[in-house]
Amino acid sequence: KNQHFKDKMLFFKAWLSLGGSWHWRHKMKPPIVYMSTSSLLEPATWFDDSTKWTRLGAAVLPFWVADMDFKAAEPIQSAVCRRAATGSYGYATPSLKLKEAIIANCRECWNAESCDPKWIRFHPGLICGLYQAVRLAQGGGVIVPVPIYPPFLNAARDTASAIRLVDVSKEDSIFKNIEKAVCELKAQGQNQIVILWCSPHNPTGRVWRRSELEHLANIVRRHADEITA
């Protein structure tokens, strides 16, 4: 029992070091989500084959966010069941309505009035999208903020000829170091550069402020001929 308690505390400290205490350190109220306890999954539902709850054993409390412990919303369950009932599980073409919904969201949330449906590309998952994004560098340079969700680094290492890592824990110099990395890559003859940016940041949970994203956008504009973010 003593060892189990130590294991739990070790995991908790690791979580804090990765950014779990971000809101406390910055005197910000953590986000609060109100959900009915009826939405919680019963232990019997997830325990037998849940990677989250079985990978490290019962002695460790997993704090990852990839799997939530709440049921999917009823409309999602119904839509999945309706599609499954057709018995057709082949490839499908995204509907025009879906693209229109995405564009409407871009306009509402990001003021992207000029968003074109032709710009939208669908991928079966995030990792495929990361590799597609890195391909924009055409084998050139990639800048990656670290620590980061490992597939970001995998995509960069597998497809780029030069990589620069920027430590996001050094808040006072993040953007200065990004611009420095851009200049270093350009000096090496890398004329196509991609910045893989993650917001909210994974694994720290850092939500980038508007002013910070505008700072990043200004860096991109200054090097518009070479850089994509």
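The legends below describe close-up views of a predicted model.

**Figure 1. Overview of the predicted protein chain.**
The protein contains 10 helices and four strands. Read from the N terminus, the elements follow the order α-α-α-α-α-α-α-β-α-β-α-β-α-β. Of the 229 residues in the protein, 27% are buried. The accessible surface is about 16200 Å², and carbon and sulfur atoms account for 58% of that surface. When contacts between residues at least 6 apart in sequence are considered, 54% of them join residues at least 24 apart.

**Figure 2. The largest nonpolar core.**
This core has 16 residues. Those with the most contacts inside the core are Ile143, Ile174, Phe175, Ile178, Ile195, Trp197 and Leu216. At least two core residues come from each of strand 2 (162–167), helix 9 (174–187), strand 3 (193–195) and helix 10 (210–222). Helix 9 gives the largest share, six residues.

**Figure 3. The surroundings of Phe175.**
Phe175 is one of the residues with the most contacts inside the largest nonpolar core. Leaving aside residues up to four places away in sequence, Phe175 touches Trp197, Glu212, His215, Leu216 and Ile219. Among these neighbours, Trp197 and Leu216 are also listed with the most contacts inside the core.

**Figure 4. Helix 10 and its buried face.**
Helix 10 has 13 residues, and the distance from its first C-alpha to its last is 18 Å, close to the 18 Å expected at 1.5 Å a residue. Its buried residues are Glu212, Leu216, Ile219 and Val220. Seen down the axis of helix 10, these buried residues fall within an arc of 100 degrees, so they line one face of the helix. Arg210 and Arg221 are exposed residues on the face of helix 10 turned away from the buried side.

His223 is found in the loop between helix 10 and strand 4 (227–228). Is His223 buried or exposed? His223 counts as buried because its relative accessibility is 7%, and the cut-off for buried is under 20%. The side chains of His223 and Lys186 are joined by a polar contact of 3.1 Å. Apart from residues up to four places away in sequence, His223 touches Glu179, Val182, Cys183 and Lys186.

**Figure 5. Arg164 and its polar contact.**
Arg164 is found in strand 2. Its side chain and that of Glu184 are joined by a polar contact of 3.0 Å. With residues up to four places away in sequence left out, Arg164 touches Val142, Ile143, Val144, Ala181, Glu184, Leu185 and Gln188. One of these, Ile143, is listed with the most contacts inside the largest nonpolar core.

**Figure 6. Helix 6 and the residue that follows.**
Helix 6 (residues 96–110) has 15 residues, which should span 21 Å at 1.5 Å a residue. The end C-alpha atoms of helix 6 are 21 Å apart, so the model agrees with that expectation. Asn111 follows helix 6 and lies in the loop between helix 6 and helix 7 (126–134). Most residues other than glycine have a negative phi. The phi of Asn111 is positive, near 55 degrees. Asn111 counts as exposed because its relative accessibility is 56%, and the cut-off for exposed is over 50%.

**Figure 7. Two cis peptide bonds.**
Most peptide bonds are trans. Which kind of peptide bond runs from Val146 to Pro147? That bond is cis, with omega near 0 degrees. Pro147 is found in the loop between strand 1 (141–146) and helix 8 (150–159). A cis peptide bond also joins Ser199 and Pro200, and omega there is about -5 degrees. Pro200 is found in the loop between strand 3 and helix 10.

**Figure 8. Phe63 in a loop between two helices.**
Phe63 lies in the loop between helix 4 (51–54) and helix 5 (74–85). With a relative accessible area of 33%, Phe63 is partly exposed. Phe63 and Lys52 are 11 residues apart along the chain, and their C-alpha atoms are separated by 8.8 Å.

Methods
Residues numbered from 1 in each chain as written. Predicted model: local features only at pLDDT ≥ 70, side-chain atom pairs only at ≥ 80, totals over all residues. Heavy atoms only, no water. Core = buried A, V, L, I, M, F, W, Y, C linked by side-chain atoms within 4.5 Å. Buried < 20%, exposed > 50% of the residue type's maximum accessible area, 1.4 Å probe, protein only. Contact = heavy atoms within 4.5 Å. Polar contact = N/O pair within 3.5 Å; in protein donor to acceptor, adjacent residues only side chain to side chain. Expected span 1.5 Å × (residues − 1). Areas by Shrake-Rupley, 256 points an atom, 1.4 Å probe, with all protein chains shown as cover. Arc of directions from axis to C-beta.
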